[in-house]
Amino acid sequence: MTTSHWILGPGAIGRLLAHSLSPIAAVTLIGRRALTEQQWLATPEGEQRSQLLNTFTVAQLASEKHAPPAFVHITTKAMAAEAALEGIASVIPPSTPLVLWQNGYLAQPRITQAWTGPVLCATTTEGAYVTDDNGVVHAGRGATFIGDLHHQHGALSQSLAETLTQAGLATTAVADIRQRLWQKLAINAAINPLVALHGVRNGELSSQAYSGRVQEVVKEVAAIMQAEGIKPPKGRQDEAAWLVLVWQVVKNTAHNKASMLQDIEAKRPTERGAILRPLIESAQRHSLPYGVLQALDTDIATLENRYAPRH
C-alpha cells in the first residue's frame with residue numbers, strides 16, 4: 001500500500017517535498033488558500049518539471065472525510081507551526097506521526113510535549129525558494145537529518161529517512177537531532193539577523209563592514225552553546241570553532257539571500273522568535289551575556305513593526 005503524506009504549508013520546502021515524494025507516495029499539499037494542481041519545479045540542473053499535485057485548503061479538509069495519513073509534515077514558518085497543527089488536529093488521529101521542518105528551536109519542543117503521537121524533527125540544507133503560486137526552484141542539493149528529541153522513534157525516523165532518500169532528498173536518521181537543531185540555530189543567529197538588517201547577501205558578512213559584528217554574535221552564541229552542551233560539528237568546543245563554522249557557511253552560501261532577509265523585503269513576520277529567543281532565554285537561565293543578541297532581536301522587531309498591520 002502506498003504511504004500517505006500530508007504536507008501542511010505550501011512554501012518552498014513544502015512544495016519541494018511534495019514534488020519529490022509524489023512519484024513514490026500519495027501526497028496531499030495543504031494550505032490556507034487554494035493552489036492550482038499543476039505545479040512546476042525547477043531542478044538544480046535547470047530542468048523544468050510539471051506535476052499535478054493533490055492540493056487542499058485547511059477548510060476543505062475539515063469539511064470532507066479523508067483517510068488518515070501515515071505522516072503529517074509541518075513545513076510552515078516556526079511561529080505558525082502550532083496554529084497550523086491546531087487547524088487540522090481534529091481531522092487526524094492523535095497517534096499520527098508529525099514531522100517538523102522549522103528553523104530554530106521554538107516549535108519543536110513545544111509540539112513534542114503537546115502531541116500524543118510521535119514527533120520527528122528535521123533539519124535540512126536543501127536550498128529552495130518559491131517563484132509564484134505554481135512554481136518552486138530547487139536551488140541546491142543538500143543533506144537532511146531526522147530524529148526525535150527523546151530518542152523514542154528511531155525505527156520510524158529510519159523508515160522516513162529511507163523514503164525521503166528514495167525520493168531524491170538525501171536523508172539520514174540520527175539520534176542527536178537536538179544537537180543538530182542547536183548547531184543550525186547557532187549558525188542562523190550569526191547570519192540571518194545581520195543580513196536582514198543590512199539588506200545584504202550572506203557573503204558580504206565577511207567584509208570589513210560586517211565581520212566584527214559577526215564575531216560579536218558568535219562570542220555570545222559560543223558561550224550559550226557550551227552551557228547547553230552543544231558542540232560544533234567539528235573542532236574543539238570553543239568560540240574559535242564556532243567562528244570557523246560560521247565563516248564556512250558564509251562562504252558556501254555567499255550568493256544566498258537568507259530567509260529572514262526575504263521576509264523583511266516581503267514585509268512578512270520573521271523567524272526571530274525561533275532563532276534569537278531560545279538563545280536569549282538560555283543565556284538568561286545560565287546567567288550569560290546576551291546584549292548583542294538582544295540588540296539584534298530589538299532591531300529586527302523594529303523593522304517588523306514598521307510594516308505590521310495596524311488595528
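Helices (H or I, at least four residues) and strands (E, at least two) are taken as DSSP runs and numbered from the N terminus. The structure described here is a predicted model, in which local features need pLDDT of at least 70 and side-chain atom pairs count only at pLDDT 80 or more, while totals for chains, interfaces and linings use all residues. Residues are numbered from 1 along each chain as its sequence is written, and side-chain values use heavy atoms, with hydrogens and water left out.

An open sheet is formed by 4 strands in the order 4-3-10-9, with mixed pairing; two strands pair if DSSP finds at least two bridges between them. Strand 4 (48-52) and strand 9 (127-132) are the edge strands, each pairing on one side only. From one strand to the next, the twist averages 25 degrees.

The pairings can be followed across the sheet. Strand 3 and strand 4 run antiparallel and are joined by 5 bridges, with Leu41 standing opposite Arg49 in strand 4. The hairpin of these strands has 5 residues between them, and Gly46 takes a positive phi near 90 degrees there. Strand 3 (residues 38-42) also pairs with strand 10 (residues 135-140), in the parallel sense and over 3 bridges. Within this pairing, Trp40 stands opposite Gly135, and the bridge partner of Ala42 in strand 10 is Val137. Strand 10 pairs in turn with strand 9 in the antiparallel sense, over 5 bridges. A hairpin of 2 residues joins strand 9 to strand 10. Tyr129 stands opposite Val137 in strand 10, and Ala128 is opposite His138.

Helix 1 (residues 12-21) lies across strand 3, strand 4, strand 9 and strand 10, and runs at about 100 degrees to strand 9. Contact here means heavy atoms within 4.5 Å. Axes are lines fitted to C-alpha atoms, for helices over the stretch in contact, and angles run from 0 to 180 degrees between N-to-C directions.

On a 1 Å grid over the protein atoms alone, a cavity is a set of points where a 1.4 Å probe fits but cannot get out; a pocket is an open set with protein on both sides within 12 Å along at least five of seven lines, and lining residues have an atom within 4 Å of a point. Grid points are joined across faces, edges and corners, and a volume is the space filled by probe spheres set on the points. The count comes to 1 cavity of 30 Å³ or more. About 40 Å³ of space lies in the largest cavity, which is lined by Ile13, Leu16, Leu17, Trp101, Thr124, Glu126, Thr144 and Leu169. Helix 1 gives the most to this lining, with 3 residues. The lining divides into 5 nonpolar, 2 polar and 1 charged residues, where Ala, Val, Leu, Ile, Met, Phe, Trp, Tyr, Cys and Pro count as nonpolar, Asp, Glu, Lys and Arg as charged, and the others, Gly among them, as polar.

The second largest pocket has a volume of about 180 Å³. Its lining comprises 14 residues, of which His19, Ser20, Leu41, Arg49 and Ala167 lie nearest its centre. Helix 1 and strand 4 each supply at least two residues of this lining, and helix 1 gives the most, with 3 residues. By class, the lining of the second largest pocket has 6 nonpolar, 6 polar and 2 charged residues.

A further packing arrangement involves two other helices. The axes of helix 3 (residues 81-88) and helix 4 (residues 107-114) come within 10 Å and cross at roughly 30 degrees. Helix 3 is therefore roughly parallel to helix 4, since angles under 35 degrees count as roughly parallel, over 145 as roughly antiparallel, 65 to 115 as roughly perpendicular and the rest as oblique. Ala81, Glu82 and Leu85 of helix 3 make the contact with Ala107, Arg110 and Ile111 of helix 4. By class, this contact has 4 nonpolar, no polar and 2 charged residues.
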